[in-house]
Amino acid sequence: MPPAIYLDCNASAPLHPHARAAMLEVLDLPANPHSVHRAGQRGFEAVERARGQLAEALGVRPERIVYTSGATEANALAMALHSHAFGGKGWAVSAVEHPSVRAWGSRTLPVDGAGVVCDFPEGAEGLSVMLANNETGIIQPVGEVVRVARRLGVRVHIDATQGPARMPLPAALWEADTVALTAHKFGGPQGVGALVVGPGVEVGTLLRGGPQERGRRAGTLNVAGIVGMGAAASRWSDWSGCAALTARLERGVRALGGSIVGESTPRLSNTVCVRFGEHDAGDLVIALDMQGVQVSAGSACASGSPQRSHVLAAMGIEGSALRISVGWATTGSEVDRALVALATVLGQPSR
Ligand code: PMP
């Protein structure tokens with residue numbers, strides 16, 4: 001069987017070779033970056049160099065970055081302090097957020113049929129809206145979200161996990177109080193991410209202990225992971241071919257009778273979310289896997305559970321959808337072969 005075609009980069013993108021090489025260089029360092037000896041200093045320099053790389057790619061000052069174990073922890077770090085569960089009035093979160101944000105919400109901001117957040121009720125202590133959706137790729141108007149939050153005088157948190165490498169990051173993002181990221185969506189390793197904290201913004205101490213990350217996140221830093229994240233961030237330009245690949249995919253899936261979710265809404269360059277009438281997306285995922293094509297139905301976090309996608313439900317869409325997400329490593333020939341496999345599993349002649 002030929003090598004599998006991996007089109008599930010919104011679940012995890014393949015590790016970029018530049019990130020891998022950088023990680024191998026520090027993997028055998030015995031050092032805790034907080035040790036005072038020279039080995040410790042080398043570890044410290046490596047994580048600070050990576051902080052600089054990530055900051056440069058994002059266009060923020062390095063001291064705004066707090067390393068975490070990923071976006072789940074970054075979201076929790078941003079939201080716990082003002083969570084309903086901790087005695088605050090709570091967060092209003094969009095209906096299409098990832099579960100790691102929804103978990104902290106005490107009220108829901110609806111989205112319209114195009115998947116865009118459309119109503120901001122008063123009375124919450126913070127607004128949390130994602131930059132772009134992991135299932136549909138639909139981009140939210142974060143500039144407007146920030147403006148509304150400022151008018152209401154409340155906190156604003158943006159889960160920007162799916163944005164980097166897949167879209168130009170809007171300047172308004174950095175006016176939010178906090179922004180969450182995770183490395184494995186953009187060519188870095190799993191288990192490492194960051195919270196970008198605005199100047200003067202106070203976050204809680206979710207993990208108490210040592211003084212790491214200026215007291216905002218205790219625990220020995222994941223040196224190799226952080227180095228991989230920084231190196232991957234310096235190679236986001238390698239994703240520039242995604243838009244052409246998804247345009248090709250969209251032409252192909254339309255020709256097979258698919259309808260694209262969020263068709264007329266701005267979306268990520270790498271994501272195609274498509275419905276095929278009565279075909280169940282979960283069944284299609286399995287049939288495609290047998291053909292050597294790896295995609296998903298909704299998000300990886302929800303797969304394996306029979307529940308409907310909360311994202312499609314919030315948009316008023318019945319049924320299920322296939323998520324195809326390309327990345328830095330995807331080729332045009334892989335897209336073409338995936339479309340042939342799709343035609344086969346749909347029982348149609350390939351074009
Ligand atoms: N937010 C969004 C939008 C995501 O897609 C994901 C990953 N599926 C997360 C948060 C959580 O990231 P991690 O699993 O790396 O903590």
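Hi everyone, I'll walk you through a strand, a cavity and some salt bridges in this structure.

A word on the model before we start. It is predicted, so to speak of local features we need pLDDT of at least 70, side-chain atom pairs count only at pLDDT 80 or more, and totals for chains, interfaces and linings use all residues. Residues are numbered from 1 along each chain as its sequence is written, and side-chain values use heavy atoms, with hydrogens and water left out.

Let's begin with strand E3, residues 91–94. Strands here are DSSP runs of E with at least two residues, helices are runs of H or I with at least four, and both are numbered from the N terminus. In a regular strand, side chains alternate between the two faces of the sheet. In E3, Trp91 and Val93 sit on one side, Ala92 and Ser94 on the other, and all are buried. Buried means under 20% relative accessible area, exposed means over 50%, and partly exposed is in between, using a 1.4 Å probe and protein chains only.

Which strands pair with E3? Parallel to E3 runs E4 (residues 105–109), joined by four bridges, and E5 (residues 126–130) is also parallel, with three bridges. Pairing takes at least two DSSP bridges. Val93 faces Thr108 in E4, and its bridge partner in E5 is Ser128.

Next, the salt bridges: 11 in the whole structure. The term means a side-chain nitrogen of Lys or Arg within 4 Å of a carboxyl oxygen of Asp or Glu.

Take Asp8 and Arg323, whose closest N and O atoms are 3.2 Å apart. Asp8 is in the loop between E1 (5–6) and H1 (17–27), while Arg323 is in E13 (residues 322–325), 315 residues apart. Asp8 is buried at 10% relative accessible area, and Arg323 is buried at 1%.

Another pair is Asp336 and Arg248, at 2.8 Å between the closest N and O atoms. Asp336 belongs to helix H10 and Arg248 to helix H7, so this pair ties together parts 88 residues apart in sequence. Asp336 is partly exposed at 33%, and so is Arg248 at 31%.

H7 (242–255) and H10 (332–345) each supply at least two residues of the largest cavity's lining, and H10 gives the largest share, three residues. What kinds of residues line the largest cavity: nonpolar, polar or charged? The lining has 10 nonpolar residues, no polar and no charged; among them are Leu7, Leu249 and Leu342.

Notes:
On a 1 Å grid over the protein atoms alone, a cavity is a set of points where a 1.4 Å probe fits but cannot get out, and a pocket is an open set with protein on both sides within 12 Å along at least five of seven lines; lining residues have an atom within 4 Å of a point. Ala, Val, Leu, Ile, Met, Phe, Trp, Tyr, Cys and Pro count as nonpolar, Asp, Glu, Lys and Arg as charged, and the others, Gly among them, as polar.
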